Amino acid sequence: MRGSIRDKVAIIGVGCTKFGELWEKDMEDLLVDASYEAFKDAGIEPRDVDAIWCGIFYYFTGLAGVAAAEPLKLYGKPVTRVENFCASGMDAFRNACFAVASGAYDIVMACGVEKLMDQGSRGLPGLTEFGHPFYGQVSAPGMFAMAATRCFHEYGWTKEDLALVAVKNHYNGVAHPKAHFRRQVTVEEVLKAPMIAWPLGRYDCCAMSDGAAAVIITRPEIAKQYRDDYVLVKGVGLAVETVYPFFKPSFDYLGFPATQKAAQEAYKEAGIENPRREVDFAEVHDCFTITELLNYQDLGFCERGEGATLIREGVTSIEGELPVNPSGGLKCFGHPIGATGCRMIYETTKQLQGRADGRQVEDAEIGLTHNLGGPASVASVVVLGRR
Amino acid sequence: MVGVVSYGAYVPLHALSRELIAKAWDFPPVPGSKSVAGADEDSVTMAVEASMDCLAGLEPSEIDGVFFATTTPPYAEKMNAPTIAWALDVRRDVMTVDFTGSIRAGTTALIAAYNTIRSGAARRILVAAADCRIPEPESMYEFQFGDGAAAVLVGEEAAAKIVDYYTVSDEFVGPWRKSRDAWVREFEARHDVIYGYGRNALDALTGLMAKTGVKPEDVAKLVLYAPEPRSHVTVAQMLGFKPEQLQDTLFFLLGVTGAPHPLIMLASALEVAKPGDRIIVAGVGDGGDAILLEVGEGAGEVNRAHRRGVRGHLETMKPLKNYDDYIKFRNLLGKQRFSRKTSTVTYWRDRKEILPLKGVKCRSCGTVQYPIVRVCYECGSKDSFDEVRLAKRGKVFTFTLDHLVGGEYYATPVPRVVVELEGGGRVFVEMTDCNPEEVKVGMPVELALRIIHESEGFYHYYWKARPVREKK
C-alpha cells in the first residue's frame, strides 16, 4: 500500500504576476516578480530556498534548471525544469511536494512561467516535428473542439451551453486584478465571435498570455514559524494518458481519462468520497469551454452527460453550490502554459486564507485545483485545505 | 496474350470554365472547361488515384513493376514511381521507372511495359500516367492545359490484348520547357500542329497499319488526342477514318492533360468496348506511338469491376466559382507557405505507415490500430501483432473546422477529421475536396493521397479524407 502526502506539506507563500500580453517583460522579469512576491508572502529570503522545481513548456521560454536559477541568481542549488505539457506547473508543484515530504529539503519553491507573446504566432506555436504526417497538424482548440463535436452528437449539448462557461468565467475574472481580461461578456457576444476551430469560437478559447507564478512550501512543523494560516496539501494525483487520442480505437471524446484517474488518486489521499459535497470550490483547467464541462464530469462533480446541466443550473457560479474558477479560470485569467498550475495553487491558497478580495468564496475549507495538458494527455489534481 | 488487364482514371474534382479565364484577361469567350488539380495535388497523387481506380479489387502484391509517365515529375532528381508503388503497397522486388520529358511518355511507358512482359521479365506492370502542367497565365496554354491521370495494368490474361505497335522518333523543337523554365513555351503554333503533331501522328499510324495490315474499316475506335479541337480529325481523314470512329478527345471537358491523355481516352473507349473491337491508341510528341488493341471476351468482366473510370469522374466534377480559386490552387501568386519542423529521416522510417497506410492487428484482443505500435492500445500485449493494410474508406467519428494553421488565421477553415476505417483502425487526417460545411459526424469518406506540406523543401505525401465521390 503506497503512502499519502496528506498533511505533510504546507504552503507558506504564493506569488503571481499579472497575466496578459506583457510586451515589456521577458521571462526573467516574470520569474523574478512572481518569486519575490512569494518570498515576501512567506517571509523568507531567496537564499532560504533549498531547491526549485520550475514548470516550463516551450523551449523558447527556457530550458533546463538554469531557466529558474539564472533570473534569481540562485546558484549552487538543485533546480529542475519540469515539462509535462500544460500541466507542467502543477507537476513542478507535485515534485516539490515529494521533496519536502521526504525530508530531503526544508523549504522548496515550485514555480512556472511562460513567455508566449514573443513568438508572433496566432494560436500556440508549433512543436518539434509537427510536420510529421501523423501528428495531425491540428491546433490546440481543434484538438478539444473534436470533443465538443462528439458531445453535441451524443449528449445534445449546444454552443449556448459552451457560451455559459465563458460568460461565468469572464464574470468572475472581472474582480481579479491580475487577470488577463477584466471584462464581462454576454452569451450573444460569445456566439457571434469569430470561429477559431468549429464549434469553438474566440470566446470558447483561453487567451495566449505571458505570466509566472510561484509557491513556497515546507513541512507543517516548520510552517508554523512563518505563518498561522498556512495551507495544507491534502492530496495529489497525476495521470498520463495517450497523446494520440485520435488513434486510440476506444477513445470516445466524451471525457478525459487522465483527469478521472488523477482525481481518483487525489481524492483517495485527501479522503474525499463525495467531491460534489466535500469540495468547496475548484480551479479547473478551462483551456476551452468544452473542457470545463467535461472536467465537471471527470472530477466527479456530476455524472457523465450532465456537465452542461451544472452550468445551466448555475451550480458552478461563484454564488453556486460548487463555485468553479472563481479567479476567472484560464479563459479569463489567461494561460501562460507552464505558469498556470502554480497560478491555480496561488489562487486556491488565497481563497483558503480568506485573502481573495472581491471574489472570495464563503467558508472555503477545501479547494481543488486541476491542470490538464496536451490533447488531454496528462492531468494533475491537487486538493488543498485549511490547516 | 499480353495486354490491358485493367484500367482506371482520375480527373480532379474541379473544372474551370474557359469563359472565366477569358473574362480574367478580357479575351473573347472560349467554349468548354478544363480540369484543375487542387492545391494539394500533383502528378504523383493523381497517378495514385488513377492506379487505385485501376486496381480496385486486384491484389497489388501481384504487380512486378510500376512505370510512371509524366512531364511534370514532382522531383527532377529522386525517382517518383516508388512513391506511387509504396502508396499502392506494391512489393519491394519490382521495377520502378519514371518516363518523362515528353507528353508521349504515357504510350511509351505502355509499350515498354508490353515489351517487358513479353520478354518474360515481369508478369504484371502498372503503367500510371499523370500530368499537372502549369500554363503561363494569360497564354493560350492556359485555355488548353488540364490535369488528370490514367492507369493501365498490363499483363497476361488481358481483357484487351495488344496486337502490335509502331513507333517513330523525331527531333522537333515544338512546345518545350527547359529544366529551369516555369512555363511551357512555343515558337510557331501552326508549325507545331502540322509537323510536330500531325506529321508524327500520321507516320506512327501509317506505320502501324502497314505493319499489322489493319485497315481503317477494321477499327472500332481511333484514340487520338489533339492539342486543339480539330487537328485529330484532319489526321484521321487523311488516313481514311470516319468521324464516328474517333474517340472523343474530351477537349471541352478536360482540355489537354499531357502524358496521360491518350490513356484517359483509351480508358474511355474501353468503358464501352465490345468483345472483338479493335482500338488504335496513339501518343504524339517528339515522335509518335501507335498501338493496336483487340478487345477480348473478358472486357465485360473488367468493366464490371468497381471503378469510377473516366465516366464516373466526369459525372462528379464541380465548377470552380472564379478564376481566383484557380490562381490559389496553382499557387500562382507564389505566396510563401509556412514551414513545419520535419525530417526526411522520420519520414523514411515511418514510410510504411505514411504511404501504404499500414497498421497492426493485435493477436491477443484483435484490435486493429494505427500507426504501427509496439504495445497494444487496448490490451497492452507487446510485439504481438499482424501487419494490416488499412482500408481507404470509413466514417467521420469526430471533427473540427480549424482556422488556425501553422500559426496563422485562415478565413476558410481546414476540416480535420478522425476517421473510423472500414475493418478497423482510426486515422486523423485533413479533409479535402469539400465545403467545410458539409462535414458531419458519421459521414462516409474515402482516403486520397495528397501533398500535406513541403516543409524542409520536400514533399510530404499523406492521406486526406474526402466525401465519397459519387453522383448525387
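In β8(A), I11(A) has V231(A) as its bridge partner. The strands concerned are β1 (residues 10-16) of chain A and β8 (residues 231-240) of chain A, which pair in the antiparallel sense over two bridges. Two strands are said to pair if DSSP finds at least two bridges between them; strands (E, at least two residues) and helices (H or I, at least four) are DSSP runs, numbered from the N terminus.

The model is a predicted one, in which local features need pLDDT of at least 70 and side-chain atom pairs count only at pLDDT 80 or more, while totals for chains, interfaces and linings use all residues. Residues are numbered from 1 along each chain as its sequence is written, and chains are lettered from A and ligands numbered from 1 in the order in which they are written.

In chain A, an open sheet of nine strands with mixed pairing has the order β3-β2-β4-β7-β1-β8-β11-β10-β9. Its edge strands, β3 (79-82) and β9 (281-283) of chain A, each pair on one side only. On average, neighbouring strands of this sheet are turned by 25° against each other, direction ignored; axes are lines fitted to C-alpha atoms, for helices over the stretch in contact, and angles run from 0 to 180 degrees between N-to-C directions.

Helix α3 (residues 88-101) of chain A lies across several strands, including β2 (51-55) and β4 (108-114) of chain A, and runs at about 170° to β4(A). Helix α13 (residues 337-352) of chain A also packs on the sheet, and its direction makes about 125° with that of β4(A). Contact here requires the C-beta atoms of two residues, placed from the backbone, to lie within 7 Å.

In chain B, strand β16 (residues 393-405) is mostly covered, with eleven of its 13 residues buried. A residue is buried if 20 or more other C-beta atoms lie within 10 Å of its own, exposed if 12 or fewer, and partly exposed in between, with C-beta atoms placed from the backbone.

β16(B) pairs with strand β17 (residues 408-421) of chain B in the antiparallel sense over ten bridges, and V396(B) stands opposite V419(B) there. Two residues lie between the strands of this hairpin, where G406(B) takes a positive phi near 55°. With strand β19 (residues 444-453) of chain B, β16(B) forms an antiparallel pair over three bridges.
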